[in-house]
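Hi everyone, thanks for making time for this.

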Amino acid sequence: QVQLVDSGGGWVQAGGSLRLSCAASARTFSAYAMGWFRQAPGKEREFVAAITRTGGSTVYADSVKGRFTISRDNAKKTGYLQMNSLKPEDTAVYSCALGSYNSRPDDYFTWGQGTQVTVSS
């Protein structure tokens, strides 16, 4: 079973940028869509973005559209989430996942451990 490792989180001031990475352990990474989700304290897991297995299509939550960009490099078995114009409400633990190309967490079968993103005002 492919395993995922998230990295790139940290602390940033509002308006700043961060780039998250999602490194896979196996070439089967390229066989599945990839999604990014986030969970803030006391809140449910929230869909952020997804990308098809080839990278040809992407979809975003309305709350991040125009600010975040999801991408992937199948040769490197790595996915990315570029986050610009960050807001305090973006503060959460961000996790990547592999599965079907949609916004439902239940349709993703393997998850990274998560990386903390903290945005201060």
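Before I name any piece of it, a word on how elements are assigned: helices (H or I, at least four residues) and strands (E, at least two) are DSSP runs, numbered from the N terminus. With that in hand, let's begin with Arg38, which is found in strand 4.

Two notes on the ground rules. This is a predicted model, where local features need pLDDT of at least 70 and side-chain atom pairs count only at pLDDT 80 or more, while totals for chains, interfaces and linings use all residues. Residues are numbered from 1 along each chain as its sequence is written, and side-chain values use heavy atoms, with hydrogens and water left out.

Back to Arg38, then. Is Arg38 buried or exposed? Arg38 is buried, with a relative accessible area of 6%. Buried here means under 20% relative accessible area, exposed means over 50%, and partly exposed is in between, using a 1.4 Å probe and protein chains only. Which side chain does the side chain of Arg38 meet in a polar contact? That is Asp90, at 2.9 Å. A polar contact is a pair of N or O atoms within 3.5 Å; within protein, one must be able to donate a hydrogen and the other to accept it, and residues adjacent in sequence count only if both atoms are side-chain atoms. Touching, or contact, means heavy atoms within 4.5 Å.

Tyr94 takes us to the inside. The largest nonpolar core has 32 residues, and Tyr94 is among those with the most contacts inside it, together with Trp36, Leu81 and Met83. Such a core is a set of buried Ala, Val, Leu, Ile, Met, Phe, Trp, Tyr and Cys residues joined through side-chain atoms within 4.5 Å. Among the elements that give two or more residues to this core are strand 3 (18–24), strand 4 (33–39), strand 8 (78–83) and strand 9 (92–99). Tyr94 itself touches Trp36, Leu81 and Met83, and its partners also include Asp6, Leu20 and Val117.

Now to the sulfur atoms. A disulfide is a pair of cysteine sulfur atoms within 2.5 Å, and the count by this rule is one. Cys22 and Cys96 form it, with their sulfur atoms 2.0 Å apart. Cys22 lies in strand 3 and Cys96 in strand 9, so the link ties together parts that are 74 residues apart in sequence. The link of Cys22 and Cys96 is right-handed, with 70° about the S-S bond. Cys22 is buried at 0% relative accessibility, and Cys96 is buried at 0% too.

Cys96 also turns up beside Thr110. Thr110 is in strand 10 (residues 108–111) and is buried, with a relative accessible area of 8%. Thr110 touches Cys96, and also Gln1, Val2, Leu4, Ala97 and Leu98. A polar atom of the Thr110 side chain lies 3.2 Å from the backbone oxygen of Val2.

On to the rings. Rings of Phe, Tyr and Trp (its six-membered ring) pair if their centres lie within 6.5 Å; planes under 30 degrees apart count as stacked, over 60 as edge-to-face and the rest as tilted. How many aromatic pairs does that rule give? The count is five. One of them joins Phe37 and Phe47 edge-to-face, 5.7 Å centre to centre with 70° between the planes. Phe37 is in strand 4 and Phe47 in strand 5, 10 residues apart. Phe37 is buried at 1% relative accessibility, and Phe47 is buried at 14%. Ring pairs also bring in Tyr108 and Trp111, giving a cluster with Phe37 and Phe47.

Last stop, the loops. Lys77 is in the loop between strand 7 and strand 8, and has a positive phi of about 55° although it is not a glycine. Lys77 is partly exposed, with a relative accessible area of 24%. Ser85 is partly exposed at 40% relative accessibility.

How values were computed:
Lists of a residue's contacts leave out its neighbours within four places in sequence.
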